[in-house]
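Let's take a friendly walk through a protein model together. Have a look at the sequence and the structure first, and then we will go from one element to the next.

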Amino acid sequence: MIAELGHFALVLALMVALVQGVVPMVGAARGDIRLMDMAPPAATVQLALVAAAFGALTYSYVVSDFSVLNVAQNSHSLKPMLYKISGVWGNHEGSLVLWVLILALYGGLVALFGGNLPPTLKARVLAVQAIVAFGFLAFLLLTSNPFERIFPPPMDGNDLNPLLQDPGLAFHPPMLYAGYVGLSTAFSFAVAALIEGKVDAAWARWVRPWTLAAWIFLTAGIALGSWWAYYELGWGGFWFWDPVENASFMPWLVATALLHSAIVVEKRDTLKSWTILLAIVGFSLSLIGTFLVRSGVLTSVHAFASDPERGIFILLLLVIAIGGSLLLFAWRAPSMQAGGLFRPVSREGGLILNNLLMSMAAAVVLIGTLFPLMVDALNLPKISVGAPWFNIVFVPLMMPAIVVAGIGPLLAWKRGDLKTAMARLKYAAIGTVLITAAALWLAWGYSMGSFLGIAVAAWLGTATLTELAGRIGLGRMPVGNSLRRAGGLPRSAWGMTVTHLGLAVTVAGITGASLWRTESIQVMEIGDSVEVGGYEFVFDKVENLRGPNYFIERATFTVRRDGEVYTVMEPEKRRYMVQQRETTEAAIFTTPMKDLYAVLGDRAGGDTWVTRIYHSPLVPWMWIGSLLMILGGTLSLSDRRLRVGAPSRRRPAKPAAAQPAGAE
Amino acid sequence: MRRLIFIVPLVVFAGFVGATGWYIMEIQRDSQRAPNIIGAGEQNKPVPEFELPPLLDDLPGIATGDFGGEVIMVNVFASWCIPCRAEHPLITRIGEEGIVPVWGINYKNKREEAIAWLDELGNSYERIGFDLSGRVGIEWGVYGVPETFLIDKSGRIRFKHVGPLTSSDLKETIFPMIDCLNKRPQAETCLSGS
């Protein structure tokens with residue numbers, strides 16, 4: 001009964017989406033305020049309906065109702081509650097319901113907080129949002145009904161893939177979807193602006209918080225996924241250029257570019273059509289990612305069960321959503337007037353360089369992801385594209401982007417002076433040299449590339465601090481005054497500083513974790529010891545234990561340094577009873593500068609096991625850096641100027657220097 | 001002229017839709033082949049001319065002359081490839097149960113990493129060729145690891161699977177194919193779908 005109610009709620013949501021997609025659009029065209037006013041209540045009702053459907057599916061999982069096919073295929077009565085719930089989105093159908101729920105949630109939020117939007121823009125944004133929702137609801141109902149029944153119901157379920165039974169992964173998809181789908185709002189704003197034919201500073205200010213929110217979620221989702229891969233997959237890696245990872249990374253790169261170009265639109269009233277294009281492309285890449293993962297066009301470890309029929313349907317959705325919006329773009333964008341002019345060396349110039357590099361990086365990732373497909377379609381000579389290819393092409397694009405991120409904030413709008421900026425950056429240069437020298441001294445013998453990575457990270461970090469010091473007048477006035485000025489800086493300025501610092505820390509972490517890692521893989525007998533990275537690992541014992549729905553083999557390593565006991569590590573291997581699959585649970589010992597990482601492999605006979613031990617410097621920096629980026633984004637989002645709800649009235653209170661004439 | 005620039009994104013997207021649409025049609029037309037389409041270049045051709053040194057001291061490498069006489073499964077793997085890890089237990093079981101001899105091509109991999117990987121996950125390959133540069137992989141038409149080939153008794157490539165094997169692939173496609181290649185003298189009649 002509950003499942004049928006859920007199904008019914010989805011059908012109703014589809015109807016509401018149709019109304020919400022058509023009526024306000026017509027109203028906006030005719031200037032009929034009553035028709036336009038349909039949009040917010042429709043968005044709210046749609047949210048309630050989709051939430052009800054999601055609740056019904058969740059309920060079926062929680063009570064283990066195996067007469068629902070989806071539950072029988074993906075759950076098990078012995079599974080812990082957390083994974084019963086996360087199982088809802090651990091499969092194709094359920095994850096789509098979550099997708100649509102988040103889409104409806106954003107629509108509801110625009111309806112709720114969009115009070116200050118011009119009525120036509122608001123109506124059109126909500127209508128576009130509803131059209132996207134209509135497409136996905138139709139897809140869900142026609143090809144992937146999550147509420148399908150099965151008769152006779154099985155005694156117990158198939159269980160969720162044990163790799164996915166993990167707290168990190170329980171929250172990873174919702175985060176990622178909140179990011180992907182959040183870009184839909186920027187997309188809706190872009191399409192609405194194209195229909196209106198008007199893009200101005202106010203538009204950029206409205207679109208930025210939504211993009212920023214999506215960006216924060218994407219960052220968190222990607223970081224969580226990477227963290228999960230690191231500790232759960234058990235071979236010490238954190239990023240594999242897998243199609244699914246790429247699918248989340250491309251929108252992130254474009255969203256990053258969009259955040260930066262929206263600043264230019266807001267402050268300088270130029271780069272409009274480019275910004276619109278980025279908003280369209282960002283969400284398009286989210287859609288393409290969804291399509292690639294679910295259509296079976298690309299195979300991947302985390303791919304959901306693929307089905308060509310669904311593929312055709314999603315492709316059709318893509319054609320309508322992306323093709324339609326790009327067509328609109330080709331038609332309407334050329335008539336947009338470019339605003340203020342600027343020199344190549346200027347804040348705008350720096351932001352454009354950022355945009356170019358980010359877009360190129362996204363293009364490179366897209367090409368690499370689609371390469372197997374292109375090779376096949378065009379019958380080209382077969383060339384392999386794997387992790388090494390991505391590293392060779394991607395890293396050289398990111399290096400200059402990071403260097404520029406250090407310089408850009410010091411350049412003035414319109415016409416910057418590279419000489420002055422560089423003069424102000426002399427301390428950053430000295431700091432970079434010192435830090436790189438320290439790294440050379442500490443890690444001599446590793447590849448030169450690793451020191452380049454550290455130098456770039458140090459440059460961004462020190463340059464960002466220099467910019468902050470300049471802003472608060474550190475050294476030019478008493479420290480008390482500087483602190484007061486620091487307190488008075490707008491949150492968006494702090495957001496930029498913290499995010500760029502976070503990026504610097506992350507880059508250093510990635511460099512250390514990929515290039516300074518030592519690994520040791522060997523067969524060990526109980527009592528054996530091995531030395532890795534200056535630590536002695538003694539293999540004490542292996543015990544057999546039992547978990548709720550799995551068996552455990554747990555090893556104990558005593559780690560010694562200079563003869564003293566340093567820590568004890570207990571990696572596990574789990575065998576899940578239902579799916580008969582094994583997972584490794586690495587033991588990780590974290591300190592601020594490094595991770596020790598131990599994995600118990602297979603039994604090699606008798607009292608011997610294969611073990612893997614890694615010494616990975618700077619790994620925690622990646623997670624700290626990601627947290628800083630999330631924090632920085634959140635700070636910027638909380639800036640009064642961008643606060644969803646009351647931005648424009650506050651504008652006159654701001655210092656005139658940051659405000660171009662005629663931006664209002 | 002200026003207007004043309006704004007059409008570029010649409011054109012690029014149209015290309016994308018064309019390519020993927022064609023690809024999906026292809027998959028649908030022959031769901032047996034999905035999504036692991038056999039590249040037109042190598043199917044039914046003799047294995048390319050090549051010679052690979054052994055990866056391990058106690059297992060031989062692979063050369064063109066080694067094929068022929070029996071049906072062989074060739075599995076291309078690398079320790080850096082995650083899907084390989086997913087399919088490896090199946091590959092190992094096929095070798096252990098003697099369903100068909102499995103030969104490995106270790107693709108673009110450091111020797112010690114590959115050895116450690118096999119130590120950890122098990123090794124039932126009868127031969128392993130060590131293809132550090134990936135040259136031989138290109139000869140074979142490898143463009144994504146893992147890939148699995150079936151070679152008939154006359155040394156011709158009869159089947160290719162791109163991506164990790166699943167047990168349903170084995171049951172539905174690979175095993176019937178092996179069976180057919182073993183039984184029928186004219187391997188041509190064994191093309192996928194039969």
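Start in chain B, where strands S6 and S7 make a hairpin with five residues between them. In that turn, B:Gly155 has a positive phi of about 80°. Keep in mind as you look around that this is a predicted model.

As a general point, strands of a sheet pair through backbone hydrogen bonds, in either a parallel or an antiparallel way.

S6(B) also has a partner in strand S3 (residues 72-77) of chain B, again antiparallel and over five bridges. Here B:Asn75 stands opposite B:Thr148 in S6(B). Now step back to see the whole sheet: it is open, has five strands in the order S5-S4-S3-S6-S7 (chain B), and its pairing is mixed. At its edges are strand S5 (127-131) and strand S7 (157-162) of chain B, each of which pairs on one side only. Neighbouring strands in this sheet are turned against each other by 20° on average, direction ignored.

Is S6(B) enclosed or open to the outside? Five of the five residues of S6(B) are buried, so this strand is largely enclosed by the rest of the structure. Both of its faces are covered, with B:Glu147, B:Phe149 and B:Ile151 buried on one side and B:Thr148 and B:Leu150 buried on the other.

Let's move to chain A, which has an open sheet of four strands in the order S1-S10-S9-S8, with antiparallel pairing. Strand S1 (518-525) and strand S8 (587-591) of chain A are at the edges with a single partner strand each, so one side of each has no neighbour in the sheet. From one strand to the next, the twist averages 15°. The partner of S1(A) is strand S10 (residues 608-617) of chain A, and the two pair in the antiparallel sense over eight bridges. Within this pair, A:Ser520 has A:Ile613 in S10(A) as its bridge partner.

Next come the helices of chain A. Helix H19 (residues 491-515) of chain A has 25 residues and reaches 35 Å from its first C-alpha to its last, close to the 36 Å expected. Of those 25 residues in H19(A), 23 are buried, so the helix is largely enclosed by the rest of the structure. Helix H3 (residues 39-62) of chain A can be checked in a similar way: its 24 residues should span 34 Å at 1.5 Å a residue, and its end C-alpha atoms are 34 Å apart, which agrees. Just after H3(A), A:Ser64 takes a positive phi of about 50°.

For a pair of helices, look at H8 (residues 167-196) and H9 (residues 201-232) of chain A, which pack at an angle of about 155° with their axes 7 Å apart. H8(A) and H9(A) are therefore roughly antiparallel to each other. The contact of H8(A) with H9(A) has 21 nonpolar, eight polar and one charged residues.

Finally, find A:Trp413 in the loop between helix H14 (387-407) and helix H15 (418-424) of chain A. With 18 C-beta neighbours inside 10 Å, A:Trp413 counts as partly exposed. A:Trp413 and A:Val264 are 149 residues apart in sequence, yet 9.4 Å apart in space, C-alpha to C-alpha.

Key: Residues are numbered from 1 along each chain as its sequence is written. Chains are lettered from A and ligands numbered from 1 in the order in which they are written. This is a predicted model: local features need pLDDT of at least 70, side-chain atom pairs count only at pLDDT 80 or more; totals for chains, interfaces and linings use all residues. The expected span of a helix is 1.5 Å times one less than its number of residues. A residue is buried if 20 or more other C-beta atoms lie within 10 Å of its own, exposed if 12 or fewer, and partly exposed in between; C-beta atoms are placed from the backbone. Axes are lines fitted to C-alpha atoms, for helices over the stretch in contact, and angles run from 0 to 180 degrees between N-to-C directions. Angles under 35 degrees count as roughly parallel, over 145 as roughly antiparallel, 65 to 115 as roughly perpendicular and the rest as oblique. Ala, Val, Leu, Ile, Met, Phe, Trp, Tyr, Cys and Pro count as nonpolar, Asp, Glu, Lys and Arg as charged, and the others, Gly among them, as polar. Two strands pair if DSSP finds at least two bridges between them.
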